[in-house]
Amino acid sequence: MTTLWTRVDSPVGALLITADTSGALTSVSVPGQRNGREVEASWRYEPTLFRDAEEQLAAYFAGELKDFRLPFGTAGSEFRERVWTALDSVPYGATTTYGEIAARIGAPRAAVRAVGGAIGANPLLIVRPCHRVIGANGALTGYAGGLERKVRLLTLEGCL
């Protein structure tokens, strides 16, 4: 399958955005991201395909957009997909905990670590709001894009 890509400037750094040939987003990543994507020689640069994503991201960073309306084409295990779908229900300007995400998907409390792993593997930073998940004690725990970006995103949304 062909991967299409572009880069978009943002207040948290250049965003690398990828999609499949149907236009469904497969990743949004930032420089230095843990397990982030890097452009591969076989990928095709297609900036016009990503106009809607670019416009929605610009509106989000301007404080004008609270919910992304973009098609996703992520592929993960059934467990990861359930966790990622639960992330989509965390509203703008709110936070939740790993335990609350586990409860939303019907996983036992002991699955909190696995939930954290799935959240850390979220391929759609910002768009699928893993930055809204914090520790049970309110601590700003890990974020694949870096804690300083998590702070910026939560501050933008009025959570901090």
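Q: Great, let's start with G36: where does G36 lie?
A: G36 sits in the loop between β3 and β4. Helices here are DSSP runs of H or I with at least four residues, strands are runs of E with at least two, and both are numbered from the N terminus.

Q: Before we go on, what should I know about the model and the numbering?
A: This is a predicted model, where local features need pLDDT of at least 70 and side-chain atom pairs count only at pLDDT 80 or more, while totals for chains, interfaces and linings use all residues. Residues are numbered from 1 along each chain as its sequence is written, and side-chain values use heavy atoms, with hydrogens and water left out.

Q: Thanks! Back to G36: what is its relative accessible area?
A: G36 has 28%, so it is partly exposed. The classes are buried for under 20% relative accessible area, exposed for over 50%, and partly exposed in between, with a 1.4 Å probe and protein chains only.

Q: And how far is G36 from N122?
A: Their C-alpha atoms are separated by 9.9 Å, although the two residues are 86 apart along the chain.

Q: What else is in that loop?
A: N35 is found there too, between β3 (25-29) and β4 (44-45). Its phi is near 60 degrees, a positive value in a residue other than glycine.

Q: Is N35 buried or exposed?
A: N35 is exposed, at 69% relative accessible area.

Q: Which other non-glycine residue has a positive phi?
A: I126 does, at about 70 degrees. I126 is in the loop between α4 (112-120) and β6, and it is buried, with a relative accessible area of 2%.

Q: Okay, zooming out. How many helices and strands are there?
A: Five helices and six strands. Along the sequence they come in the order β-β-β-β-α-α-β-α-α-β-α.

Q: What radius of gyration does the protein have?
A: It has 15 Å, which agrees with the value near 15 Å for a compact globule of 160 residues. That radius is taken over C-alpha atoms, and the globule rule is 2.2 Å times the number of residues to the power 0.38. The C-alpha trace spans about 40 × 35 × 25 Å along its principal axes.

Q: What share of the residues is buried?
A: Buried residues account for 46% of the 160.

Q: Let's talk helices. Which residues of α1 are buried?
A: In α1 (residues 51-61) they are A53, Q56, L57, A59, Y60 and F61. These buried residues pack against β2 (15-19), β3 and α5. After α1 comes G63, with a positive phi near 80 degrees.

Q: I see rings in that list. How many aromatic pairs does the structure hold?
A: Four. One of them joins Y60 and F61, whose ring centres are 5.2 Å apart with planes at 75 degrees, so the pair is edge-to-face. Y60 also pairs with F68, a tilted arrangement with 5.4 Å between centres and 40 degrees between planes.

Q: What are the cut-offs there?
A: Rings of Phe, Tyr and Trp (its six-membered ring) pair if their centres lie within 6.5 Å; planes under 30 degrees apart are stacked, over 60 edge-to-face, and the rest tilted.

Q: Which residues do the ring pairs link into a cluster?
A: Y60, F61, F68 and Y92. Of these, Y60 and F68 are both buried.

Q: New topic: which residues does P11 contact?
A: Leaving aside neighbours within four places in sequence, P11 is in contact with F61 and R152. P11 lies in the loop between β1 (4-8) and β2 and is partly exposed at 41% relative accessibility.

Q: Last one: where is L140, and what does L140 touch?
A: L140 is in the loop between β6 (133-134) and α5 (147-156). Not counting residues up to four places away in sequence, L140 touches I134, L147, V151, L154 and L160. It is partly exposed, with a relative accessible area of 27%.

Conventions
Contact = heavy atoms within 4.5 Å.
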